[in-house]
Amino acid sequence: MNVLAIIQKKRDGEILAPEEINYFIKNYHDGVIPDYQAAAFLMAIYFQGMDSGETAALTKAMVNSGETLDFSFLNRPVADKHSTGGVGDKTTLILLPLLAACGVTVAKMSGRGLGFTGGTIDKLSCIPGFRTELSRSQFFEQVRSLGFAITGQSAEMTPADGMLYALRDVTATVDCIPLIASSVMSKKIAAGAQYIVLDVKAGSGAFMRDEQLARRLAEEMVAIGHALGRKTVALITAMDQPLGFAVGNHLEVLEAIATLKGEGPSDLTMLTIELGAELLVVCGLAKELTKAREKLAASLRNGSALAMFRRLVAAQGGNPSVLEEPQKLGSPAYTAVLRSTQKGTVAGLDARAVGIAAMLLGAGREKKGDAIDLTAGIYLHKKIGDSLQKGDILAELFTSSADRLAIAQEKLAAAYLIGEAPKESCPLLLGRVG
Ligand code: URA
């Protein structure tokens, strides 16, 4: 096969055969194809797109570039959940124990936060002693014995995706639906899940701001899942304002624990139950969504999901007493409050701006590898639709560095739009693909 001919074919808008895609990815991974040809290939895909057969072939080639996990010996449904990322999104911390309490096995690999979006591994790092990097054998053993485990993304899995993602980052080819869909799905498939639920976010705090684009991404990811034999369903959910009230690692763990105790914000609780219900149905553990929701709500009410979270923390070396004594998660040195300067209603709350304000407080990293302040963050007292008096507290800010407060406060103030009540309610669930 000829590399140049493959690039030309894609450049001219033709459909590539699976063998051509496989050849390209294998040889790029092996170092035979140089970065400049891979960059041209990516740009050709960016402009010409890929059909569903090509996207599935690309995903498969990236899965085959590294190690894969196989949990079929367990003879139980093994599931995974993926969110395209947002602000205040701590659903994984609640959903995994909730699913485990309902009999779904979950082998989860998660990432760290970048920019204005958070990452599950950073959140779990707040729990004293919690091991976020499990070896392959530790991961397998915990999935087998406890029914779920969570660890950082393994470098041995989908290495071709890692190489291509780094190249996309410097060639303006990140925001390309077939490339995003295959990148995300390759990691899910390599990690061994047979059932996958995707939370594709749309809005200012999402990777995809536009709802139509988010829907297209959801459709492509679901199509890849089905083409590669994984039962996959996606919810498209709003990320115009943060999810829940807490933004920032330590605050989000506190909010997740409160939600597992049945005392969480309604939007967060509802979304977690909806994602869980989709999985219970595709796994065959509930006949219909209504029954699945009831089962999940009961596991929150009767404490079995919270008990599963306690077992997860203990199994991964963390101190489970944080569930009763949240002060053990640490506390920030400095706080400030943001007050409303006028009477009215919160008409808008820009999730991206809140995420950036939290990052400025130290909760997020501007570039990969930056250190973060786990206790930094924002607690929102007012969200869209809430009415206000002049002087009411809009939000609290937390940080370990006093000199970060002023700039973050300014950014957060600009995130709030105070005016008339929005004419229409803002639904959280925007659509479903499955
Ligand atoms: N996340 C991924 O894993 N891959 C992408 O391409 C974009 C976001």
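Guide: Let us begin with strand β12 (residues 416-419), where Y416 and I418 form a covered face, while L417 and G419 form an uncovered one. Helices (H or I, at least four residues) and strands (E, at least two) are DSSP runs, numbered from the N terminus. The model is a predicted one, in which local features need pLDDT of at least 70 and side-chain atom pairs count only at pLDDT 80 or more, whereas totals for chains, interfaces and linings use all residues. Residues are numbered from 1 along each chain as its sequence is written, and side-chain values use heavy atoms, with hydrogens and water left out.

Strand β12 pairs with strand β8 (residues 344-349) in the antiparallel sense over 4 bridges; two strands are said to pair if DSSP finds at least two bridges between them. Within this pairing, Y416 of β12 is the bridge partner of L349. Strands of a sheet pair through backbone hydrogen bonds, either parallel or antiparallel.

Strand β9 (residues 377-380) is joined to β6 by 2 bridges in the antiparallel sense, and Y379 in β9 is the bridge partner of A246. Contact here means heavy atoms within 4.5 Å; axes are lines fitted to C-alpha atoms, for helices over the stretch in contact, and angles run from 0 to 180 degrees between N-to-C directions.

Another open sheet has 6 strands in the order β3-β2-β1-β4-β5-β13, with mixed pairing. At its edges stand β3 and β13 (429-433), each with a single partner strand, so one side of each lacks a neighbour in the sheet. From one strand to the next, the twist averages 20°. Helix α12 (residues 266-282) lies across β1, β4 (195-202), β5 and β13, running at about 150° to β4.

Strand β2 (residues 105-110) belongs to this 6-stranded sheet. All 6 of its 6 residues are buried, so β2 is largely enclosed by the rest of the structure; buried means under 20% relative accessible area, exposed over 50%, and partly exposed in between (1.4 Å probe, protein chains only). T105, A107 and M109 point one way from β2, and V106, K108 and S110 the other way. Strand β1 (residues 78-83) runs parallel to β2, the two being joined by 2 bridges, and T105 is the bridge partner of V78. Together with helix α5 (residues 91-101), β1 and β2 make a right-handed β-α-β unit; right-handed means that, with the strands pointing away from the viewer, the path from the first strand over the helix to the second runs clockwise. Strand β3 (residues 148-152) pairs with β2 in the parallel sense over 5 bridges, with I150 as the bridge partner of K108.

Helix α7 lies across β2 and β3, running at about 155° to β3. F139 is found in α7 and is buried, with a relative accessible area of 2%. Leaving aside residues up to four places away in sequence, F139 touches partners including A107, K108 and M109, as well as A149, I150 and T151.

The structure holds 6 aromatic pairs; rings of Phe, Tyr and Trp (its six-membered ring) pair if their centres lie within 6.5 Å, and planes under 30 degrees apart count as stacked, over 60 as edge-to-face and the rest as tilted. One of them is the stacked pair of F73 and F140, 6.1 Å centre to centre with 20° between the planes. It links distant parts of the chain, as F73 lies in the loop between α4 (52-63) and β1, and F140 in helix α7 (residues 136-145), 67 residues apart. F73 is partly exposed, with a relative accessible area of 47%, whereas F140 is buried at 17%. Ring pairs link F71, F73, F139 and F140 into a cluster.
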